[in-house]
Amino acid sequence: MLPPRSLLHAAVFALAALQALASDTFIAAVYEHAVILPDATDEPVSPDDALALMNKNMDVLEGAVKEAAQQGAHIIVTPEDGIYGWLFTRKTIYPYLEDIPDPAVDWIPCTNPTRFAPVPVQERLSCMARNNSIYVVANIGDKKPCNSSDPGCPSDGRYQYNTDIVFDSEGKLVARYHKYNLFMSETQFNYPKEPEAVTFETPFGKFGIFTCFDILFREPAVVLVSELQVDTVLFPTAWMNVLPFLTAIEFHSAWAMGMGVNLLSANTHNIGLAMTGSGIYAPDGARTYYYNMKTEDGHLLVAELDSHPRLSPASPPAVNWSSYALSVERFSPNDHEFRGLIFYDWFTFTDLTKPEGNLTVCQKDLCCHLNYKMAGKQEEEVYVLGAFDGLHVVEGQYYLQICTLLKCKSTDLNTCGQPAETAQTKFEMFSLSGTFGTNYVFPEVLYSGVQLAPGEFEVLKDGRLISKTKPTKPVVTVTLFGRWYEKD
């Protein structure tokens with residue numbers, strides 16, 4: 001006797017679920033979106049006008065979702081501010097906000113849009129996910145009413161949060177995250193009372209989520225990875241590139257390597273604000289990335305990742321970041337030390353006066369060691385070895401330890417540390433290490449033209465960042481970017 005049709009469907013679904021659970025890899029997508037911005041205004045627009053602007057952006061995002069699904073993607077991440085932009089005051093952003101419930105309510109907005117207050121944006125995003133059988137990650141604004149019984153309640157009677165939401169392939173709301181580390185210009189939003197560590201399980205691994213500036217702080221970024229053991233981090237961002245260390249592609253790739261997780265980074269695209277740089281990053285390097293400061297185009301990236309990168313044979317070994325540097329004698333002293341400024345931080349530098357050699361430079365407790373050989377030093381280019389050990393206090397406060405080999409902007413040593421995008425000098429080899437006091441160190445190599453070097457360098461267990469093969473392109477920076485969270 002054949003089983004009833006409903007039981008047959010249930011059995012097929014269960015088998016498919018088990019097959020998905022057994023999958024060792026998944027297909028990820030991120031979309032870098034050239035956001036259609038509202039007109040700047042001192043007064044709020046009508047809800048209809050706000051929705052019209054958001055629908056224009058969601059039209060573009062829906063096209064990216066469909067294309068990603070057609071390419072087999074299981075999940076797509078879209079950028080911070082990707083649905084309404086950023087030209088707002090606290091008052092003028094209000095018509096763009098929706099009340100986003102706790103995912104515990106077990107809700108599919110696409111099939112039940114009237115269960116809560118009007119939520120046309122959540123409904124449409126849910127339908128994008130459901131209609132294309134793909135997880136959709138988006139950034140919108142959440143509003144929560146409050147009253148005088150709450151001593152923290154703002155004078156206008158509501159909290160407003162920069163919020164990431166995730167819908168699964170059925171369109172169900174499965175995650176909501178309120179950004180905890182607001183950037184200095186985000187006065188339209190409130191800080192959550194407590195940092196949130198948001199995770200959710202999928203058939204292809206355990207996921208965590210946070211937003212943009214959060215990546216530089218212990219909560220929630222380190223908590224998600226080190227304590228909650230997520231496999232993949234979802235990262236909507238609106239990242240303004242700052243050379244030499246904080247361009248989106250180099251820092252986000254380095255963070256994924258240093259933390260040992262996948263990172264799906266979706267940036268907004270606005271070259272007037274130096275916003276570009278999205279990528280799909282694994283612990284062993286970038287799977288794919290995009291950086292474009294020439295045209296105002298959106299761009300879709302799709303790549304395969306390990307579902308559980310810590311279990312992958314390609315997973316890098318655990319690193320003792322100070323082991324080598326503490327074991328060696330200080331390389332030859334020099335009389336070329338000088339100070340230079342990088343993004344408001346005073347570094348101690350020494351210049352590379354010879355085409356090959358060993359150098360050491362120290363600042364406070366951090367000594368940086370470099371062993372190098374240039375393929376052919378260009379006379380019109382100057383490189384330095386630099387060290388910084390201290391508290392960064394501009395646009396947020398956080399303690400850094402940084403060792404870096406970098407190209408100066410010109411032959412004038414006063415330009416060392418200023419942004420430089422291009423170079424001509426190649427290195428036959430390099431080995432960089434430091435006496436770090438932190439285990440959280442992020443390795444970066446940036447080639448001329450703001451290009452990454454996937455597969456061309458590695459980090460040894462003793463903390464040395466070394467060239468794996470003869471570098472194929474001229475070097476702009478080689479950096480070990482350390483974050484000493486305990487000293488913030």
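Gln 363 is buried, with a relative accessibility of 14%; buried here stands for under 20% relative accessible area, exposed for over 50% and partly exposed for the range in between, with a 1.4 Å probe and protein chains only. The model is predicted, so local features need pLDDT of at least 70 and side-chain atom pairs count only at pLDDT 80 or more, whereas totals for chains, interfaces and linings use all residues. Residues are numbered from 1 along each chain as its sequence is written, and side-chain values use heavy atoms, with hydrogens and water left out.

Gln 363 belongs to strand β15; strands (E, at least two residues) and helices (H or I, at least four) are DSSP runs numbered from the N terminus. A polar atom of the Gln 363 side chain lies 3.1 Å from the backbone oxygen of Trp 346. Beyond residues up to four places away in sequence, Gln 363 touches Trp 346, Phe 347, Thr 348, Ala 387, Phe 388 and Asp 389, where contact means heavy atoms within 4.5 Å.

Strand β15 is part of an open sheet of five strands, in the order β15-β16-β19-β23-β22 and with antiparallel pairing. Strands pair if DSSP finds at least two bridges between them. β15 (356-363) and β22 (457-459) are the edge strands, each pairing on one side only. Within the sheet, β19 (residues 427-434) and β23 (residues 465-467) run antiparallel and are joined by two bridges. Leu 432 has Leu 465 in β23 as its bridge partner.

Strand β20 (residues 441-447) is mostly covered, with seven of its seven residues buried. In a regular strand, side chains alternate between the two faces of the sheet. From β20, Val 441, Pro 443, Val 445 and Tyr 447 point one way, while Phe 442, Glu 444 and Leu 446 point the other way. β20 runs antiparallel to strand β24 (residues 475-483), and seven bridges join the two; Val 445 stands opposite Val 478 in β24. β20 also pairs with strand β21 (residues 451-452) in the antiparallel sense, over two bridges, and Leu 446 has Leu 452 in β21 as its bridge partner. β20 and β21 form a hairpin with three residues between them, and Gly 449 in the turn has a positive phi of about 85°.

The whole structure contains 30 aromatic pairs. Rings of Phe, Tyr and Trp (its six-membered ring) pair if their centres lie within 6.5 Å; planes under 30 degrees apart count as stacked, over 60 as edge-to-face and the rest as tilted. Phe 26 and Phe 207 form an edge-to-face pair, because their ring centres are 5.7 Å apart and their planes are at 70°. Phe 26 lies in β1 (residues 25-32) and Phe 207 in β7 (residues 205-209), so this pair ties together parts that are 181 residues apart in sequence. Both Phe 26 and Phe 207 are buried. Phe 204 and Phe 207 are also edge-to-face, with ring centres 5.6 Å apart and planes at 90°. The relative accessible area is 6% for Phe 204 and 0% for Phe 207. Ring pairs also link a cluster that includes Trp 239, Phe 347, Phe 388 and Phe 442.

Tyr 96, in the loop between β2 (75-77) and α3 (120-132), is buried at 4% relative accessibility. Tyr 96 and Pro 47 are 49 residues apart in sequence and 7.1 Å apart in space, C-alpha to C-alpha.

Technical notes. A polar contact is a pair of N or O atoms within 3.5 Å; within protein, one must be able to donate a hydrogen and the other to accept it, and residues adjacent in sequence count only if both atoms are side-chain atoms.
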